[in-house]
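Open the model in your viewer and keep the selection panel at hand.

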Amino acid sequence: MAGGFVAPTGAQGQNYKAKMTTFVLITCIVSATGGLIFGYDIGVSGGVTSMDPFLKKFFPKVFRKMKEAHQNQYCKFDSQLLTTFTSSLYIAGLIASFFASAVTRMFGRKPSMLFGGVSFLIGAAINGAAKDVAMLIIGRILLGVGVGFANQAVPLYLSEMAPPRLRGGLNMCFQLMVTIGILAANLINYGTQKIHGGWGWRVSLALAAVPAGIMTVGALGLPDTPNSMIERGHHDKARNMLQKIRGTHEIEAEYNDLVEASEASKAVKHPFRNILQRQYRPHLVMAIAIPFFQQLTGINVIMFYAPVLFKTIGFASNASLLSAVITGLVNVLATLVSIFSVDKVGRKFLFMEGGVQMFISQIIIAIILGKEFGSNGEGSLGKGIAIVVVILICIYVAAFAWSWGPLGWLVPSEIFPLEIRSAGQSINVSVNLLFTFVIAQAFLPMLCHFKFGLFLFFAGWVLVMSAFVHFLLPETKGIPIEEMPLAWKSHWYWGRFIPEDYRPDVELPKATKA
Ligand code: BGC
């Protein structure tokens, strides 16, 4: 999951005497490498699958098809095996995250991060040394297991270590790290394809080991969070740790709140059964709809396959990889725009603006491709038009990166009350990974069959999700978590699901209040 913070945002805990200690800063940097690795894995596969030596070695059929004259452009990369290389990571991540959540709860955040890091390292090594497709896919599966564990533990770790008032901002920073990871992969692919001898792809795949190594070594040296120590009954240790990370002895208020919060969350016996109750219908719908819609924007078509897509529309290898670097850069910069504006302009404004911008750019891309390639997909784009397409893709990526990208993670983290938070968050993460998998697996055959209509398909979904946000999502800007029920209650549609005398199932401890 990218940036799935479980902690509430807002101004809670502002009375605590917390300093941003160097210690906390370092732990945050180390653990944020989790986001970096996730992004790197998202970005790296598209680049290597567009490199000739890689295709020739592992996917000779695709390579031959690509070189054939009069080949339908839209279908030249269509191969289930090739997509499995990309998508296997996400299905493995999905399955691993079910186990990771239990390990994280029972043994602490640190063992999960360590396990995730080691799995990443082995995966990167197997991928870099791959001799056949089986090794490639086994490597991707191990990376996926790493993603499942790291993405469960790292955001939790970050949100528990950071002073409460910084939690919201850190949520968005995790997404920023993901985009930086994607950009790093694009840049490295651009560099390694120039290596003579055709083994540049090995370097690209093996370099995933660098952030993985930082995370593993870091996790060895990192302490576990006070929250996790309390959860596992080590109260004295937790108190000491809190003093250390907050840089003060005056931690009693926060410590007591943590203990209360831990007891309250233990009192929630059946979070998954809870979330099925009628009063949580709006939350359940959002936990499923938001990640589903985020993936149906089609963003990962660009993130996974940008170089392949650019090659499809007639770019040379070099130009394709360079264009991917450009879209990667736009992705990072636009995420920054979101970080700085989300608390001023609000979530809904960004969702709607992003939606309109994505819709328009997708429609124009479809029209251009339709006109230039026709439906048999023969021919290629002229240079001028190809540049226009790259610009349009950048406009689309920017729109995603300041709307659905970070908000797809931020909004769910703000709307779940404590008694269903863990369940809501795991549904959110699982649905996200599931549809990431589906899109990764379906994109190349979809491109082959829908042709330029693929962009219309995603544009249609963008329309649906924008209408959904407009009519069904309440604005959450500046609303403290425990006042969210009021926002649902006064909503024209969701109001009917919230009982008149709504009381949370458990007494909310101060730590979760704004
Ligand atoms: C999404 C990823 C996507 C990334 C792109 C994230 O929010 O969950 O699927 O690849 O943004 O920056």
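A cavity here is a set of grid points where a 1.4 Å probe fits but cannot get out. In this predicted model, the count by that rule is five cavities of 30 Å³ or more.

Start with the largest cavity, which holds about 200 Å³ of space. Select Ile-42, Gln-175, Val-178, Gln-295 and Asn-300: of the 20 lining residues, these lie nearest the centre. Next, colour helix 1 (22-49), helix 7 (167-192), helix 14 (281-296), helix 15 (299-312), helix 19 (404-415) and helix 20, each of which supplies at least two residues of this lining. Helix 7 gives the most, with four residues. By residue type, the lining of the largest cavity has 11 nonpolar, nine polar and no charged residues.

Move to the second largest cavity, with a volume of about 70 Å³. To show its lining, select Thr-297, Gly-298, Val-301, Ile-302, Gln-362, Ile-365, Tyr-396, Leu-454, Phe-455 and Phe-458. Helix 15, helix 17 (347-373) and helix 21 are the elements that give two or more residues to this lining. Helix 21 gives the most, with three. Seven residues of the lining are nonpolar, three are polar and none is charged.

Last, select Lys-451, in the loop between helix 20 (418-450) and helix 21 (453-472). Is Lys-451 buried or exposed? Its relative accessible area is 18%, so Lys-451 is buried, the cut-off being under 20%. Check the backbone as well: phi of Lys-451 is near 55 degrees, a positive value in a residue other than glycine. Most residues other than glycine have a negative phi.

Definitions and conventions:
Residues numbered from 1 in each chain as written. Predicted model: local features only at pLDDT ≥ 70, side-chain atom pairs only at ≥ 80, totals over all residues. Heavy atoms only, no water. Buried < 20%, exposed > 50% of the residue type's maximum accessible area, 1.4 Å probe, protein only. 1 Å grid on protein atoms, 1.4 Å probe; cavity = no way out; pocket = protein on both sides within 12 Å on 5 of 7 lines; lining within 4 Å. Points joined across faces, edges and corners; volume = space filled by probe spheres on them. Nonpolar A, V, L, I, M, F, W, Y, C, P; charged D, E, K, R; others polar.
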